[in-house]
Amino acid sequence: MQITDFQKSIISGIPEILPAPKPLDSAVSHAPVRKDILTPEEKKLALRNALRYFAPEHHAVLAPEFAGELLKYGRIYMYRFRPEYKMYARPISEYPAKSQQAAGIMLMIQNNLDPAVAQHPHELITYGGNGAVFQNWAQYLLTMKYLSEMTDEQTLVMYSGHPMGLYPSHKDAPRVVVTNGMVIPNYSKPDDWEKFNALGVSQYGQMTAGSYMYIGPQGIVHGTTITVLNAGRKIDKNGQGISGRLFVTSGLGGMSGAQPKAGNIAGIVTICAEVNPHAAHKRHSQGWVDEISDKVDTAIDLALRYQSEKKARSIAYLGNIVDLWERLAERNIHVDMGSDQTSLHNPWAGGYYPAGLTYEQSNELIAHNPDEFKAQVQATLRRHVAAVNTLSARGMYFFDYGNAFLLESGRAGADIFKEGGKFRYPSYVQDIMGPMCFDYGFGPFRWVCSSGKPEDLDTTDRIAMEVLEEISATSPVEISQQMKDNIKWIRGAKENRLVVGSQARILYADCEGRTKIASAFNKAIAAGIISAPVVLGRDHHDVSGTDSPFRETSNIYDGSSFTADMAIQNVIGDSFRGATWVSIHNGGGVGWGEVINGGFGMLLDGSADSDRRLRSMLHWDVNNGISRRSWARNEEAIFAIKRAMEAEPLLKVTLPNFADEKLIDRLF
C-alpha cells in the first residue's frame, strides 16, 4: 500500500530540515497573551528547555524565534512546526501505526486539536482557556511519531505534554500513561502554573483536553441537559413542567458552549452571555445557539417573546455577563434559573473578563498590567454577585456550575456567604448531579466511532437505546427517572445535531449500562455491523474520576472532600484492568491546585480480549466511586453499592454504620 504524505509527515516526527516560519493565522481564536512572570535567568532556562527538542545546528535560527515568542506571548509554542496537513480525526485506517490501539489514540489527539473542536487550536488548547493537549508543537510531532512506531508490547509515557519515551511493557498494560500538572502540593498556586508552563515543564490538562478524550461541546450537553431538567423539576412546584422557563448563564467558548443547546433540548429559553465574538459566532455557525445580539435589551426582549410563546430558543448576548445580570435586575425581569460557566478556574488569564472593557482591552491588560486586570475582575465579581443576589431574592434558583464561581467570588470579597461561612448557593453537584446521578453510578460514558462514518454512529445509537430499554424494564424505582432521561436523550441524539469533530456520542449510564452497551458494541464490531473499532471513554467529571471539593465531591460530607485517594486509586486500578490509556491531572474544571482527576480511553476491536478488558475495567471505574460515596454515608450510594454486591459476589465493600446524632450532640 502506498504511503500518503500525511503518513510520511507523522512518521518523520520533528523534521530534520526546518520548515518555513508561519504567520499567526487570524482565522482561528488564539490564547490570550500570558503575563510576563519569568526572571531573566528563568527566561534563559525556558529557552534552553525549548531548544533541547532540536539539533544544535538549528539553534542559531530557532533561539531568537523562540525568545521572541516567549516575550510576545508569554509561552513558546513553536508555531513554525505546526503541521501543514489539516487537523481533524481521520478514519483509524489512515494512521500509520503498528498498534491499532496507538492509531486510536492518534485519532483522539487530532480530534482534540481540530479547529472545529478546540478553543485555541494553534496554541494546542482544547477548552477552558488553558486546557492543553501539549505545551508546544514539537511535543505533538514527537508524540505522533512514537505512536506510529509503538507495538502492543510498549507503553508511551507522557509528562505534561512531553513524550518521555517508549518503554517495554506488555499487551495488557496501557499503551499510554499521561500525567498533567502533577507538581509538589506546596507549588500548586495559579502563579506556579504560569511559571512552570512558561518554563515548558508542566501544563494544565483540564479534564479531557490533556487526556485526549474531548468530543466537543457535546461532551457536556447531556450533563447540562440533565442539570437543567432537574433544576427545572426542583422549581416546578405545581407540576406545570419547565417549558418556557428562562435560564440565564454565560460562556460559549469550550464546554460552556453546550449550555444553549442543552436549554433547547430541555425546552426552555436561554440567554448566554459571551465576550469573545469569535466564540459566539463559532457556536452560532455550528447551530449551538440560535441568535446573537450585542444589545442587552434586544437579547432580553427576544427571550421574553419566546417565553410568551413557550418556544425553546437560545440567544447569545455578545457582551459581559454582568451587564446582562444588572439590566435584568433593573428591568425587574423574573429569571427562573441562573448559573455561570465562564472559566473562573483561570480568572487572571482570560477565563473571566471585567465589565467596562472590550475583549481586546482586557487582553491587553492581562499582558501588560496583570495586577490591574485582577483588581478589575474582582470588582466585576462583586457586581456580578450583587445582581444575582437581587434576582435570587425575587425567586430565581441559582446554582454554581462547577467553574469556581463561588470560590473566586468569595476570594474577591463578594456577598456570597450566608451565616456560618457557607456559600449562599449550592454547587449543582450538591443539589442535582451528586445525589441524582453520581451516587447511583450514573456518569458521562462516551464513545467515538473510529471509522469516521455517521452510519456507524447511528448503529451505536440504536444499540445503546436497545440496551437501555431492556435494562429499564427491570430497573428499580430509585433510578427510573435517570433511565427515562437517558432513553429520551439517545433517541433524539441525531436530530439534535450534536456531532462536532469526531463521530462521537455521550450518554449518562451506570456500571450495568456502560458494560452492557460496550459489550454489545464489541459484538457488533466482531460481526461487521460496526465497520471499525470504537473508542470508549468518559469525562473525568464522573462518579469515580475526580476528587474536587467544590464540584464532583461537593456532596461528600464526612470531611474527606479534600482528599484525593479516589482519583489516584481510580487511575491505578484502570491501568491494570485493561485501559488502553490512562491519565491523571492536577486541575480541571475548578482550577489548578483545586482538584485531582483521572481519566481513561479504551479501544474495542471486537475481540474476546476487548470483552474481558471492558468488563473488568468498567466495573472498577464506576464502583470505586460508589464505594467512596457510600462510605461517606450517602444513602443513594449505599443503595447502589449493595445492589452492585448482589450482582457480583467477588465485590465486598466496607459499609458504614450510622451514629445516633443525639448521642453525639450530648458529648459535644
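How many salt bridges does a search of the whole structure find? The search finds 45, a salt bridge being a Lys or Arg side-chain nitrogen within 4 Å of an Asp or Glu carboxyl oxygen. This is a predicted model: local features need pLDDT of at least 70, side-chain atom pairs count only at pLDDT 80 or more, and totals for chains, interfaces and linings use all residues. Residues are numbered from 1 along each chain as its sequence is written, and side-chain values use heavy atoms, with hydrogens and water left out.

View A. Helix α6 spans residues 190-199, and seven of its 10 residues are buried (under 20% relative accessible area; exposed is over 50%, partly exposed in between; 1.4 Å probe, protein chains only). W193 and F196 are among them. Helices (H or I, at least four residues) and strands (E, at least two) are DSSP runs numbered from the N terminus. The buried residues of α6 pack against α2 and α3 (contact: heavy atoms within 4.5 Å). Relative accessible area is 5% for E194 and 2% for R75. G200 follows the helix with a positive phi, near 85 degrees.

View B. D461 meets R505 at 2.9 Å, N to O. R462 bridges to E466 at 3.4 Å. R462 is partly exposed at 37%, as is E466 at 41%.

**View C. The second largest cavity.** On a 1 Å grid over the protein atoms alone, a cavity is a set of points where a 1.4 Å probe fits but cannot get out; a pocket is an open set with protein on both sides within 12 Å along at least five of seven lines; lining residues have an atom within 4 Å of a point. Points join across faces, edges and corners, and volume is the space filled by probe spheres set on them. This cavity holds about 50 Å³. Its lining includes Y401, D539 and H541. Helix α7 gives the most, five residues.

**View D. The largest pocket.** The largest pocket holds about 550 Å³. Of its 24 lining residues, F423, Q430, P549, S554 and Y557 are closest to the centre. Helix α14 gives the most to the lining, three residues.
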